[in-house]
Protein chains: 2
Amino acid sequence: MASYRHTIDGAGQARSEADTPSSRVMRFGLDQPLRLDSGQLIAPLQIGYQTYGMLNADRSNAILVCHALTGDQHVASDNPVTGKPGWWETVVGPGKPIDTNRFFVICSNVVGGCMGSTGPASTNPETGEPYGLALPLITIPDMVRAQAMLVDALGIDQLFCVAGGSMGGMQVLQWAVAYPERVFTALPIATGPRHSSQNIAFHEVGRQAIMADPDWLAGRYLAEGTSPRKGLAVARMAAHITYMSDEGLHRKFGRNLQDRDRVAFGFDADFQIESYLRHQGLTFVERFDANSYLYVTRAMDYFDIAADYGGRLANAFMGSKTRFCIVSFTSDWLFPTVESKTVVRALNASGASVSFVEIETDRGHDAFLLDEPVLFASIRGFLSSAAAARWK
Amino acid sequence: MASYRHTIDGAGQARSEADTPSSRVMRFGLDQPLRLDSGQLIAPLQIGYQTYGMLNADRSNAILVCHALTGDQHVASDNPVTGKPGWWETVVGPGKPIDTNRFFVICSNVVGGCMGSTGPASTNPETGEPYGLALPLITIPDMVRAQAMLVDALGIDQLFCVAGGSMGGMQVLQWAVAYPERVFTALPIATGPRHSSQNIAFHEVGRQAIMADPDWLAGRYLAEGTSPRKGLAVARMAAHITYMSDEGLHRKFGRNLQDRDRVAFGFDADFQIESYLRHQGLTFVERFDANSYLYVTRAMDYFDIAADYGGRLANAFMGSKTRFCIVSFTSDWLFPTVESKTVVRALNASGASVSFVEIETDRGHDAFLLDEPVLFASIRGFLSSAAAARWK
């Protein structure tokens with residue numbers, strides 16, 4: 001796959017670019033801090049990212065893909081930590097719905113994450129030790145502001161599309177609100193304009209599970225050489241249930257037992273669903289930092305676009321020329337269709353261009369990551385039609 | 001309130017009755033073991049229970065109320081541990097829908113529980129120490145078998161009604177299947193004929209949270225003088241979300257902050273829903289035993305009536321003369337209406353007498369414990385009509 005090489009120009013001395021064995025990295029110096037919603041600054045700032053495809057001559061074919069809660073920049077190539085394929089290889093790649101033969105795709109690890117961007121596991125310049133909880137809180141607008149710095153550094157004015165699901169979809173909406181002129185099309189999938197009370201509740205359970213682990217050590221575990229693995233695994237298990245649907249679980253697992261004819265009358269994993277969940281918890285702790293989990297869940301909790309617009313979501317999109325395609329899934333109860341419809345209504349009220357697709361599936365929230373032909377066709381169709389308008 | 005005093009008869013030497021400061025207690029000796037589904041026995045066996053109202057001369061006016069996961073026998077009188085009113089005082093009492101001026105109400109703590117019935121915190125006669133995980137696994141049929149021993153000891157052949165919600169409703173269904181001649185009417189509320197895959201998943205998260213707590217000590221915490229409070233609190237928080245509905249949480253808490261105008265940019269309880277959940281977790285650990293939580297959740301997981309009837313639920317009820325009233329709540333996603341309808345269909349297929357009430361509410365699963373006038377009217381009407389048939 002062809003890949004774009006960025007050249008540092010004369011004005012960019014404050015930033016530098018590097019390839020680590022696992023990722024491309026953009027570094028911003030002390031004179032280019034990330035300004036946070038909390039009023040605090042992060043400097044120096046580092047952003048881990050990947051690109052796919054070639055940027056065209058007028059730099060107009062870039063698509064920014066935004067990842068979900070525990071995703072990363074490895075959207076369409078093997079993940080160096082897990083060795084598994086990229087998390088959206090069904091959607092992004094040559095000939096895929098987001099076609100890297102045609103588009104230049106950028107995906108960056110969110111600030112607060114743990115895959116190369118500045119996060120709680122990064123070194124705190126004031127102490128020389130990992131930040132831990134000394135890292136200021138991060139919001140979705142902060143994540144997007146950092147992405148804009150990266151996009152600037154790559155010399156791109158307008159993105160042809162910003163796309164993503166779940167927390168990635170929140171970033172898409174935030175891009176469209178914060179930088180309407182820079183977003184030609186927006187594709188928010190399985191997301192909403194704010195985090196619901198129930199979703200905050202589930203996140204709080206996960207955070208409490210981590211913080212209850214004595215190896216968490218008030219966030220200082222990296223410096224102390226411990227790891228709150230059990231707490232993080234429980235957090236992941238609880239969250240994972242919310243990514244699936246009752247019907248999907250029934251179809252996939254039902255009450256099937258593990259290699260047995262009858263129940264074992266014990267507390268080992270007796271049902272297949274238990275074994276599956278435990279596996280999800282155990283593999284997750286191998287690839288994710290517990291403090292990052294606290295930071296990114298909190299960012300989602302705080303997300304509420306309308307709050308900055310007098311509680312009226314439509315005001316956030318007023319005058320926008322961005323073309324939107326909103327996608328939801330019928331069995332998604334984490335971001336149910338009603339959340340997407342709220343966005344659609346606001347976009348209609350603000351006079352924006354919007355299409356809306358609700359996809360019938362029993363695979364719940366995770367459907368955006370799975371083999372969903374209607375999703376693929378929707379993305380392909382939306383981008384084709386937008387490309388025809390953009391390059392007519 | 002009048003209360004019934006049981007007299008031990010000559011044949012009952014193997015059992016004895018006592019009043020502790022907190023509960024009435026029925027004890028069964030070594031020659032009257034509880035036979036468990038696992039094939040194991042529990043002896044001696046103790047059952048903590050309460051009664052309300054007067055048993056009539058022909059012992060035909062008894063109603064057994066079955067409690068839910070973390071409930072107890074204190075259905076209509078102050079709870080001695082929490083000092084709070086009984087958990088169903090809206091439904092049970094003089095002049096209430098289950099009218100103790102008319103009916104003799106029995107409620108017993110389930111076997112495996114921690115409020116006076118034999119459970120993992122009880123003394124293991126073989127070691128003189130708390131059972132912990134040495135207590136054999138308990139099932140819903142085991143709980144019901146123990147209740148039948150209590151009802152026998154109270155000299156009652158047929159119960160006018162067996163009623164309960166959630167896990168209590170599972171016991172109601174099990175009573176109707178195991179002892180159809182002894183159940184004149186059955187009132188299962190917000191329940192189902194089996195525990196779903198998603199429900200097993202949530203229980204497994206709770207158990208893993210408890211077992212991840214280093215103070216759990218493989219269940220030996222009572223003997224060692226520790227307590228897995230943090231793990232149990234996380235388990236309760238996760239479970240508590242499933243007792244409410246998305247809409248109900250939105251109405252009650254929304255994204256309201258704690259006494260602040262703006263977010264605090266931190267990990268303290270910032271939203272009211274977080275504070276509420278933490279409070280639920282903290283108060284729960286004051287009143288509930290962590291190992292009991294493992295046992296009773298497991299009992300629910302194992303529940304599957306149809307499994308013993310070739311997978312055909314209707315066969316379980318064939319020939320039943322019991323009158324059923326099934327109640328569900330529209331926003332209950334732990335035991336959604338479809339589960340109740342499965343029972344209704346099976347009862348219809350078996351030719352049983354059944355009425356079905358689906359109650360419109362946004363209060364989720366917990367609605368059966370709350371002030372729900374339609375529920376009260378349904379119970380009152382169902383019992384009145386059955387009483388007219390019983391004593392015509």
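Helices here are DSSP runs of H or I with at least four residues, strands are DSSP runs of E with at least two, and both are numbered from the N terminus. Now the model. It is predicted, so local features need pLDDT of at least 70 and side-chain atom pairs pLDDT 80 or more, while totals for chains, interfaces and linings use all residues. Residues count from 1 along each chain as its sequence is written, chains are lettered from A and ligands numbered from 1 in the order written, and side-chain values use heavy atoms, without hydrogens or water.

Let's start with the active site. An unreviewed UniProt entry puts that feature at Ser166(A), Asp332(A) and His365(A); such annotations may be inferred rather than shown by experiment. They are spread over 200 residues of sequence, yet they cluster in space, with a largest C-alpha distance of 10.5 Å.

Take Asp332(A). It sits in the loop between strand 12 (323-329) and helix 10 (337-349) of chain A. Is Asp332(A) buried or exposed? Buried means under 20% relative accessible area, exposed over 50%, partly exposed in between, with a 1.4 Å probe and protein chains only. Asp332(A) has 3% relative accessibility, so it is buried. Beyond four places in sequence, Asp332(A) touches Ala190(A), Gly364(A) and His365(A); contact means heavy atoms within 4.5 Å.

Next, Ser166(A). Its loop runs between strand 10 (159-165) and helix 2 (167-178) of chain A. At 5% relative accessibility, Ser166(A) is buried. Among the residues it touches are Met300(A), Phe335(A) and His365(A).

Last, the two chains. 100% of the interface residues of chain B are also interface residues in chain A, so the copies meet through the same surface.
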